[in-house]
Amino acid sequence: MNKLEKYLPASAWIKEYSRSKLQADTMASFIATILLIPQSMGYALLAGLPAVVGLYAGIIPSILYSLFGTSRTLAVGPVAVTSMMTATILAPFTVSSSDHYAAIAIMLAFLSGVFLILMSLLKMGFLSNLLSHPVISGFISASAILIAVGQFKHLIGVQAQGNNLIELGQSMMRHIEDINMPTVILSIISVLSLVLLKRHLTTTLSKLGLSENTANMLGKSGPVIVVVATTSCVAAFSLDSLGIKIVGSINNHLPTIPVEYFTLDTLIDLLPGAFLISIVGFVGSVSVAQSFAAKRKQSINPNQELVGLGLANLGAAFSGSFPVTGGFSRSVVNVSAGATTPMTGILTGLLMLFTLLFLTPLFYYLPTAVLASCIVTSILQLIDFKDFTRLYRFSKQEALGLLATFFVVLFISMETGIIVGVSLSLLFFLWHTSHPHIAVVGRLPGTEHFRNVKRFDVETTPNIMTVRIDENLFFANARVLEDYVLTLVSQHKNTRHLILMCNAVNMIDASALASLEAIDDRLKSAGITLHLSEIKGPVMDKLKGSSLIENLSGKIFFTQHQAINTLTEHQTEPS
């Protein structure tokens, strides 16, 4: 890979671009744009912003990621989780849909972009590993429920605010008398139509003689059909006069950025939220990108993904929108529509721009309840209760981490849920590594392999004890090994040699080094020689020159087999 391809990944696929690919990408972008317009507008409403901001978020961010990202199929734009997080983070600052609120959303996108770029420069893609699978699963399931409940206010036509299930429920109960029955009826029809179209449209189209690919592609157009049908009905019968809320007039000009609301204090207050939304967005985006890349036998560069997503968020800020990331549903639309390269993202961005400039009057009578219906029916598939039962059977600790994240997100806040989930994951990791598996091992008869004396019928040598530790040695478990060894030799008075088998040790820190020195000293005073075997090269490089190696009472053996043979021969030599 040359430098240009490293910093501008688009140069790699542009070199081999062809007319046939352009035709496929053009058709894919046209289909994707039609399907993503109502989704993007709905996510803007979810974030507490005017629907048109969703179109802003689908233009420059999509183009920038397509140029600087490494995934060939990932679609970047507004997604459900980051939209909900945006609303949650901004709730304490000001009233939604105001210019001040829009300005803070822009600042959040800007900070998110800056964080992602800084993480790339510092090669900090590993931070995404702090969000383990249980934490992500619990977070996404709880967020999906929160999003669905939060959209319920649009489905029944009432006002409601809140950052968690309790606040949302209490807020809606206070406005229960404001329920608009025409809105409720429209919502029920919309939800049922979306569910039925999702389940049966593809099959119906196949029965009508369409090819499998065409039927699958058109089968995803249920939201478009519902949006067109309901918008037409509202316009034809003036249903907005019955209290059904509509999108209304959309400013089809390019966005203006209300810089007069930008303040340093607000910028500082947004830093924790911006960092969390950056991490969550990055982890989700990379997971989606890697899953699609694996199917196409392509590769993803996480650090370059940070650059692509960072520039996409900076683009979102400078185009007057809110934080964006790579989304699963957006990417599925891309792939299903036949996208072959990131050119689809560039063309989709341009088509979004065309829609913004020339087609926005068509959305005047679009009911907000229908946008909410689209969000609810698509987001509920993210709830995965089966994951808990699978995790519980495999690891009760990890299942507990999932549950804790789930309930804290649901009943307190998203940010607190992530912090609790990550903290529990680290706590469980420390607990596990501070209670390492340590075993006395012996040789399997007729082989050079050594196994746990409690699990296998093995050969042991009188006066020689071999201890294997199956964990890295560091401050959390160093004293555990020390206590184990000293207790062991106190129970076996005839021990003259103790071999510490280090084949599973990849790291030794200063605390562990001090404990190993203490073990050697205590054994030496008891007339026992300490030996080491199977130390890995990087670990040995670190130990060279240390007082442990210089003062070790015994020897360092390349293999455990060599250690046993040498010490056994030494014991049988005539005195």
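Colleague: Which strands does helix α21 lie across?
Modeller: This is a predicted model, and in it helix α21, residues 478-491, lies across β3, β5 (464-469) and β6 (497-501). Its direction is at about 50° to β3.

Colleague: And what does helix α22 lie across?
Modeller: Helix α22, residues 510-525, lies across β6 and β7 (529-533). The angle there is about 140°, taken to β7.

Colleague: In what order do the strands of that open sheet come?
Modeller: The order is β4-β3-β5-β6-β7-β8, six strands with mixed pairing. The edges are β4 (450-452) and β8 (556-557); each has a single partner strand, so one side of each has no neighbour in the sheet.

Colleague: Remind me, what do strands of a sheet pair through?
Modeller: Backbone hydrogen bonds, with the strands either parallel or antiparallel.

Colleague: Back to β3, then. How does β3 run relative to β4, parallel or antiparallel?
Modeller: Antiparallel, with three bridges joining β3 (residues 438-443) to β4. Looking at facing residues, G442 is opposite R451 of β4, and R443 is opposite F450 of β4. The hairpin of these two strands has six residues between them, and G446 there takes a positive phi near 75°.

Colleague: How many bridges join β3 to β5?
Modeller: Three again, and this pair also runs antiparallel.

Colleague: Which residues of β3 point which way?
Modeller: I438, V440 and G442 point one way, while A439, V441 and R443 point the other, and all are buried. With six of its six residues buried, β3 is largely enclosed by the rest of the structure.

Colleague: Let's switch to charges. How many salt bridges are there?
Modeller: Six, counting a side-chain nitrogen of Lys or Arg within 4 Å of a carboxyl oxygen of Asp or Glu. One of them joins the side chains of R468 and D470, at 2.8 Å from N to O.

Colleague: Is that pair buried or exposed, residue by residue?
Modeller: R468 is buried, because its relative accessible area is 13% and the cut-off for buried is under 20%. D470 is partly exposed, at 28% relative accessibility.

Colleague: New topic: greasy surface. Which residues make the nonpolar surface patch?
Modeller: M173, I176, I179, M181, I185 and I189 make a patch of about 560 Å². Helix α10 (residues 181-207) gives the largest share of the patch, three residues.

Colleague: Where is I179 found?
Modeller: I179 is in the loop between α9 (165-174) and α10. Its relative accessibility is 32%, so I179 counts as partly exposed.

Colleague: Let's zoom out. How many helices and strands does the protein have?
Modeller: There are 25 helices and eight strands. The C-alpha atoms fill a box of roughly 110 × 60 × 55 Å along the principal axes.

Colleague: What share of the residues is buried?
Modeller: Buried residues are 50% of the 575. The protein's accessible surface is about 27,000 Å², and carbon and sulfur atoms hold 63% of that.

Colleague: Last one: among contacts between residues at least 6 apart in sequence, what percentage join residues at least 24 apart?
Modeller: That comes to 79%.
Colleague: Great, thanks for the tour!

Methods. Residues are numbered from 1 along each chain as its sequence is written. This is a predicted model: local features need pLDDT of at least 70, side-chain atom pairs count only at pLDDT 80 or more; totals for chains, interfaces and linings use all residues. Side-chain values use heavy atoms; hydrogens and water are left out. Patches are made of residues with over 30% relative accessible area and no salt bridge: like charges are joined within 9 Å, nonpolar side chains (Val, Leu, Ile, Met, Phe, Trp, Tyr) within 5 Å. Accessible areas come from the Shrake-Rupley method with a 1.4 Å probe; for residues, only the protein chains shown count as cover. Helices (H or I, at least four residues) and strands (E, at least two) are DSSP runs, numbered from the N terminus. Buried means under 20% relative accessible area, exposed over 50%, partly exposed in between (1.4 Å probe, protein chains only). Two strands pair if DSSP finds at least two bridges between them. Contact means heavy atoms within 4.5 Å. Axes are lines fitted to C-alpha atoms, for helices over the stretch in contact, and angles run from 0 to 180 degrees between N-to-C directions.
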